[in-house]
Amino acid sequence: MADRSPIEWLRGPDGRQGATWNPIVGCSVVSPGCTNCYAMRLAGTRMKTHPSRAGLTRDSKAGPVWTGEVRLMKPWLIQPLRWSKPRMVFVCAHADLFHEAVPDKWIDRVFAVMALAPHHTFQVLTKRPERMRDYLAGYSCDGARRLNIAKAEWPLPNVWLGVSVEDQRRADERVPILLDTP
C-alpha cells in the first residue's frame with residue numbers, strides 16, 4: 001500500500017500523485033495478461049517472506065505463480081479514511097476485488113470504506129467483469145442500505161469501475177460486460 005504511487009494513470013487533474021490501497025491481497029491466473037502481473041512477481045520475490053504475502057505464490061520455471069489464495073488485510077481496510085487530502089486511489093493493486101474466492105462480505109467492507117471517503121476517487125479494475133456486474137446488480141436499487149451506510153448515493157459517484165484487457169479478444173469479452181454493469 002502506497003500513499004504516493006508512481007503509477008502515471010493515478011495522477012489527479014491537479015497532477016498530484018495517487019495512492020494504492022490493498023485491503024485484499026492474492027489472486028490466481030485467469031488469462032494471458034496475468035503472465036506479466038507485477039503483483040504476482042512481487043509477492044513471489046521481494047515480498048515472499050512478508051506476512052501479508054507469504055504463501056500466496058508458488059515457484060515455477062516461469063517464475064512465481066499465484067496460488068489462488070486471497071486475504072483480507074483488516075489493518076489496511078480503513079487506510080483511506082486516514083488520508084485527509086483527496087487523491088486517486090487504485091483499489092486492490094495486488095489482487096482482484098472480484099476474484100471468485102473473495103467473499104461478498106469483504107467486497108461490502110471495501111465499498112463501505114469507499115462510501116465513507118467521498119473526497120477520494122477510487123479506481124477498481126478487474127479481469128472478472130461478470131462477478132463485478134453480478135455483485136453490483138444486486139445493489140442497484142438499495143446499495144447504501146445493504147452496506148449499512150446512511151445517505152450514501154448509489155452507485156457511488158467516487159468509484160470508477162474498469163476492466164483490464166490485454167488483447168482485442170479480451171476487450172471484446174470484457175468491455176460489453178463492463179458497459180452492462182450498473
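**A first tour**

Modeller: Happy to! Let us begin with Pro23, which is found in the loop between strand E2 (18–21) and strand E3 (24–25). Please keep in mind that this is a predicted model.

Colleague: Is Pro23 buried or exposed?

Modeller: Beyond its neighbours within four places in sequence, Pro23 is in contact with Arg71, Leu72, Met73, Leu77, Cys92 and Val110. Its relative accessibility is 0%, and a residue under 20% is classed as buried. So Pro23 counts as buried.

Colleague: How many Å apart in space are Pro23 and Gln79, C-alpha to C-alpha?

Modeller: In sequence, Pro23 and Gln79 are 56 residues apart. In space, their C-alpha to C-alpha distance is 8.6 Å.

Colleague: Next, Ser52: which side chain does the side chain of Ser52 make a polar contact with?

Modeller: Ser52 has its place in the loop between helix H1 (38–44) and strand E4 (57–58). Ser52 counts as buried, because its relative accessibility is 2%. Not counting residues up to four places away in sequence, Ser52 touches Val25, Met47, Arg71, Met73 and Trp76. The polar contact, at 2.5 Å, is with the side chain of Arg53.

Colleague: How many disulfides does a search of the whole structure find?

Modeller: A disulfide is a covalent bond between the sulfur atoms of two cysteines. For Cys34, the nearest cysteine sulfur, that of Cys27, is 6.2 Å away, and Cys34 is in no disulfide. The sulfur of Cys37 is 6.6 Å from the closest cysteine sulfur, in Cys34, so this pair is too far for a bond. Across the whole structure, the number of disulfides found is zero.

Colleague: Why are the buried residues of H4 on the same side of H4?

Modeller: In helix H4 (residues 129–137), the buried residues are Pro129, Met132, Tyr135 and Leu136. They lie on the same side of H4 because, around the axis, they cover an arc of only 130 degrees.

Colleague: What do the buried residues of H4 pack against?

Modeller: Two of their partners are strands, E8 (121–126) and E9 (159–163). The others are helix H3 (104–116) and helix H6 (168–179).

Colleague: Is H3 roughly parallel or roughly perpendicular to H4?

Modeller: Asp104, Ile107, Asp108 and Phe111 in H3 meet Arg131, Tyr135 and Leu136 in H4. The two axes come within 12 Å and cross at roughly 75 degrees. An angle of 65 to 115 degrees has its own class, so H3 is, relative to H4, roughly perpendicular.

Key. Residues numbered from 1 in each chain as written. Predicted model: local features only at pLDDT ≥ 70, side-chain atom pairs only at ≥ 80, totals over all residues. Heavy atoms only, no water. Buried < 20%, exposed > 50% of the residue type's maximum accessible area, 1.4 Å probe, protein only. Helix = DSSP H or I, 4+ residues; strand = E, 2+ residues; numbered from the N terminus. Arc of directions from axis to C-beta. Contact = heavy atoms within 4.5 Å. Polar contact = N/O pair within 3.5 Å; in protein donor to acceptor, adjacent residues only side chain to side chain. Disulfide = S-S within 2.5 Å. Axes fitted to C-alpha atoms, helices over the stretch in contact; angles between N-to-C directions. Parallel < 35°, antiparallel > 145°, perpendicular 65-115°, else oblique.
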